[in-house]
Amino acid sequence: MEALGIDIGGSGIKGAPVDVVKGELTRERLRIPTPVPATPKAVAAVVAQIVEHFGWTGPVGVTFPGVVTAGITRSAANVDEAWIGEDARALFAKATGLSVVVLNDADAAGTAEMAIGAGRGKDGVVLVLTFGTGIGSALFVDGRLVPNTELGHLEIRGKDAEKRASDHAREDHELSWEKWAGRVEEYLQHVEALFSPSLIIIGGGVSKKSEKFLPKVRVRTPVVPAALQNEAGIVGAAMAAAKST
């Protein structure tokens, strides 16, 4: 079965049809820069553009970089504050004319990794962390998702962790890979102390460059890069859409 997955990020909005059994994109993904400001109306227009690009008429899954409950967006750390309290599911359904499922971006990526990626078959506490514009988190206990954990907003040295250790922070502060790895290590030690995970999976765009920093990160918990890398959000969104039909 195929479904369309769309992954809304702080810098880009990406989408592609997905074979949800294999977890593979069936067409080349389309990426459009996230509008500035990233208001609901502007983002919905991009989502509609992606649907139109693929001539899509089936189920659609859309991720959002914040808390999502029953299709309502409850936070907006890296997009416009107008999203807080927005009925995103209704917004995207109206913009596309299709049935739409909306979920937290890291939860989508984590779901894909647990189903067919680095977390497949892993019991215990597994933590999937996506490093990009911010830090997204997906927490699994024996394969079951604890949604909307938003662990990128834990406080480290008086600041949101993602302000220090996201990939955006690395670029913004022009940090070397070694210096940034130290910040990632400090953050991972913090979440390790809170959750005692059996495995940590690192996703987001930076997972494609894991060899540059992961060998420099030293924590007790095994840490591995996401198998689906930056496509995990698209795949997880599509899986959620297929499951809802």
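1. The buried residues of helix 7 pack against strand 1 (2–8), strand 2 (12–19), strand 3 (24–25), strand 5 (60–64), strand 9 (100–104) and helix 3. Here buried means under 20% relative accessible area, exposed over 50% and partly exposed in between, with a 1.4 Å probe and protein chains only, while helices (H or I, at least four residues) and strands (E, at least two) are DSSP runs numbered from the N terminus. This is a predicted model, in which local features need pLDDT of at least 70 and side-chain atom pairs count only at pLDDT 80 or more, whereas totals for chains, interfaces and linings use all residues. Residues are numbered from 1 along each chain as its sequence is written, and side-chain values use heavy atoms, with hydrogens and water left out.

2. Helix 7 is mostly covered, with 11 of its 13 residues buried; among them are Ala232, Gly233, Gly236, Ala237 and Met239. The end C-alpha atoms of helix 7 are 18 Å apart, which agrees with the 18 Å that its 13 residues should span at 1.5 Å a residue, the expected span being 1.5 Å times one less than the number of residues.

3. A nonpolar core is a set of buried Ala, Val, Leu, Ile, Met, Phe, Trp, Tyr and Cys residues joined through side-chain atoms within 4.5 Å. The largest such core has 41 residues, of which Ile6, Val43, Ile50, Val60, Val62, Trp83 and Phe92 touch the most other members. Helix 7 (residues 232–244) gives the most to this core, contributing 7 residues. Apart from it lies another core, of 23 residues, including Leu151, Ala161, Ala181 and Leu188. In soluble globular proteins, nonpolar side chains tend to be buried together.

4. Which residues does Ile6 contact, beyond its neighbours within four places in sequence? Contact meaning heavy atoms within 4.5 Å, the partners of Ile6 are Ile13, Lys14, Gly15, Val47, Ile50, Val51, Val60, Gly61, Val62, Thr63 and Ala237.

5. Gly15 also stands opposite Leu30 in strand 4. Strand 2 and strand 4 pair in the antiparallel sense over 4 bridges, where two strands pair if DSSP finds at least two bridges between them. Strand 4 has a covered face, formed by Leu30 and Ile32, and an uncovered one, formed by Arg31 and Pro33. In a regular strand the side chains alternate between the two faces of the sheet.

6. An open sheet of 5 strands has the order 12-11-10-15-16, with mixed pairing. Strand 12 (144–146) and strand 16 (223–225) stand at its edges with a single partner strand each, so one side of each is left without a neighbour in the sheet. From one strand to the next, the twist averages 25°, angles running from 0 to 180 degrees between N-to-C directions of axes that are lines fitted to C-alpha atoms, for helices over the stretch in contact. Strand 11 (residues 135–141) runs antiparallel to strand 12, joined by 3 bridges, and Val141 stands opposite Arg144 in strand 12.

7. Helix 3 (residues 105–116) lies across strand 10 (125–131), strand 11, strand 12 and strand 15 (199–203), running at about 45° to strand 11. Helix 6 (residues 177–195) packs on the sheet too, touching strand 10, strand 11, strand 15 and strand 16, and its direction makes about 150° with that of strand 10. The buried residues of helix 6 include Trp180, Ala181, Tyr187 and Leu188. Just after helix 6, Ser196 takes a positive phi of about 45°.

8. Some backbone features deserve a check. A cis peptide bond, with omega about -5°, joins Val36 and Pro37, and Pro37 is found in the loop between strand 4 (30–33) and helix 1 (40–53). Ala70, in the loop between strand 6 (68–69) and strand 7 (72–73), has a positive phi of about 50° although it is not a glycine; Ala70 is exposed, with a relative accessible area of 62%. Glu150 also has a positive phi of about 50° without being a glycine, but Glu150 counts as buried, at 16% relative accessibility. Most residues other than glycine have a negative phi, and most peptide bonds are trans.

9. As to the whole, the protein has 7 helices and 16 strands, and 54% of its 245 residues count as buried.
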